[in-house]
Amino acid sequence: VLGISVSDDTEYFRKEVELICKDTRESLGLEIDISSDDIRILDEYTHAGYGALTPDITEAIRLTALKEGIFLDPVYTGKAMAGLIDLIKQGFFKKTDMIVFIHTGGTAALFPYRKTILEHIKKKAR
């Protein structure tokens with residue numbers, strides 16, 4: 001399990017990811033055990049901090065909406081997807097790896113950021 005921290009240190013997010021894993025396992029009735037040793041947290045994608053919207057986050061939101069019809073928020077899932085996209089570009093994963101991105105919600109947070117998102121998209125289009 002790979003977690004991408006969006007603001008806090010790795011230990012804080014390790015606890016959050018462990019809880020998400022537990023809740024997901026229980027909700028889906030999965031018979032798997034995920035220990036703390038199975039979880040890796042990356043904190044190099046915190047960018048400018050909590051709630052800071054950057055062009056790469058905007059691009060991740062735009063790309064995921066266009067290609068998958070899934071809307072991400074700029075605070076959590078957009079930042080995590082930007083990190084995932086960067087890891088893919090870097091060759092972090094093998095071509096045979098199966099990647100499952102867990103969308104943890106927050107889509108309503110798109111609306112307060114709409115002006116900045118549109119500015120980033122317009123700059124990229126130039």
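How much space lies in the largest pocket? The answer is about 1000 Å³, where a pocket is an open set of points on a 1 Å grid over the protein atoms alone, at which a 1.4 Å probe fits, with protein on both sides within 12 Å along at least five of seven lines. The volume is the space filled by probe spheres set on the points, which are joined across faces, edges and corners. The model is predicted, so local features need pLDDT of at least 70 and side-chain atom pairs count only at pLDDT 80 or more, while totals for chains, interfaces and linings use all residues. Residues are numbered from 1 along each chain as its sequence is written, and side-chain values use heavy atoms, without hydrogens and water.

The lining of the largest pocket comprises 35 residues, each with an atom within 4 Å of a point. Val1, Leu2, Gly3, Val17 and Ile102 lie nearest the centre of this pocket. Strand 1 (2–4), helix 1 (10–28) and helix 3 (77–90) each contribute at least two lining residues, and helix 1 gives the most, with nine. Helices (H or I, at least four residues) and strands (E, at least two) are DSSP runs, numbered from the N terminus. By type, the lining holds 23 nonpolar, seven polar and five charged residues; Ala, Val, Leu, Ile, Met, Phe, Trp, Tyr, Cys and Pro count as nonpolar, Asp, Glu, Lys and Arg as charged, and the others, Gly among them, as polar.

The second largest pocket holds about 300 Å³ of space. Its lining has 14 residues, with Thr64, Glu68, Met81, Leu84 and Ile85 nearest the centre. Helix 2 (55–68) and helix 3 are the elements that give two or more residues to this lining, and helix 3 supplies the largest share, five residues. Here the lining divides into 10 nonpolar, one polar and three charged residues.
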